[in-house]
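Please have a look at the sequence and the model, and then read on.

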Amino acid sequence: QFSTLHGYGEVEGSKKVCPGVFVGGSGQLMQEVRKYNMQPTEVLFVKGHAAWVPGQLSREIEKGVWYVAAASADLILRYAGAPVEEGDN
């Protein structure tokens with residue numbers, strides 16, 4: 001089981017995190033990689049993840065555990081290797 005971070009809004013099962021950045025749709029993306037329709041470097045495939053209970057992240061931000069910062073889709077996806085698509089905003 002793994003998660004994905006990518007710039008492909010048309011992928012079934014993906015959810016928009018912010019303009020141009022999507023999470024999910026790992027099954028379809030893996031099939032595209034297996035069919036050689038895309039390179040595995042175009043998507044960040046992640047094994048495992050962190051999760052918060054409702055309200056936990058907000059409390060941790062208030063305590064200074066995390067900092068909120070503005071970032072472009074390009075910056076977020078640069079390390080995922082995924083190209084940012086104009087129509088995915």
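A pocket here is found on a 1 Å grid over the protein atoms alone: it is an open set of points where a 1.4 Å probe fits, with protein on both sides within 12 Å along at least five of seven lines, and lining residues have an atom within 4 Å of a point. In the largest pocket, 15 residues form the lining, and Leu5, Val17, Val23, Ala50 and Trp52 lie nearest its centre.

This is a predicted model, in which local features need pLDDT of at least 70, side-chain atom pairs count only at pLDDT 80 or more, and totals for chains, interfaces and linings use all residues. Residues are numbered from 1 along each chain as its sequence is written, and side-chain values use heavy atoms, with hydrogens and water left out.

The lining divides by residue class as follows.

| Class | Lining residues |
|---|---|
| Nonpolar | eleven |
| Polar | four |
| Charged | none |

Nonpolar covers Ala, Val, Leu, Ile, Met, Phe, Trp, Tyr, Cys and Pro, charged covers Asp, Glu, Lys and Arg, and the others, Gly among them, are polar. Strands E1 (3-6) and E4 (44-46) each supply at least two lining residues, and E1 gives the most, with three.

Of its 89 residues, 25% count as buried, meaning under 20% relative accessible area with a 1.4 Å probe, protein chains only.

Methods. Buried means under 20% relative accessible area, exposed over 50%, partly exposed in between (1.4 Å probe, protein chains only). Helices (H or I, at least four residues) and strands (E, at least two) are DSSP runs, numbered from the N terminus.
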